[in-house]
Amino acid sequence: MARGPYSIENRDIPLLIRECRIAAGLTQEQLAEAVDASQATVARWERGEVDLSVRKLMHIAVILDVPVSALIKQGDGLSVHERRMVEDLRAHPKHRHIIESTLRALQDTNPPQGS
């Protein structure tokens, strides 16, 4: 079997299945049932102990309503809603100044932690 970037042989790209599952309000058992796997398998995926096919990773992303990149530590972690906003911004670049001014206002209101 060909190994993909999400196999145990490449542990430098940890998966964030547990974090996304908890954020979605699902138990391991519920996720397991939704993706036709056992709870023990889900637990092993979350610990990075067993290989996970890209196809199964895509299925998990659909169930958790997150982009696949949110399940990968080096992914961008955008939600579906955030991704749509980025796509809208790209489709309507004339609105960029509105978004930039809003982001500046938010940063002024909520300075980064530790500053």
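Student: Among contacts in the protein between residues at least 6 apart in sequence, what share joins residues at least 24 apart?
Tutor: That share is 50%, where contact means heavy atoms within 4.5 Å. The model is predicted: local features need pLDDT of at least 70, side-chain atom pairs count only at pLDDT 80 or more, and totals for chains, interfaces and linings use all residues. Residues are numbered from 1 along each chain as its sequence is written, and side-chain values use heavy atoms, with hydrogens and water left out.

Student: Why is R21 called buried?
Tutor: Buried means under 20% relative accessible area (1.4 Å probe, protein chains only). R21 has 8%, so the term applies. R21 lies in helix α1, residues 17-23; a helix here is a DSSP run of H or I with at least four residues, numbered from the N terminus.

Student: What makes the pairing of the R21 and E46 side chains a polar contact?
Tutor: A polar contact is a pair of N or O atoms within 3.5 Å, one able to donate a hydrogen and the other to accept it. The two side chains are 2.5 Å apart in this contact, therefore the distance meets the limit. R21 also touches other residues, including L26, L31 and L64.

Student: Which residues have the most contacts inside the largest nonpolar core?
Tutor: They are I17, I60 and L71, in a core of 17 residues. Such a core is a set of buried Ala, Val, Leu, Ile, Met, Phe, Trp, Tyr and Cys residues joined through side-chain atoms within 4.5 Å. Its largest share, 4 residues, comes from α4.

Conventions. Helix = DSSP H or I, 4+ residues; strand = E, 2+ residues; numbered from the N terminus. Buried < 20%, exposed > 50% of the residue type's maximum accessible area, 1.4 Å probe, protein only. Lists of a residue's contacts leave out its neighbours within four places in sequence.
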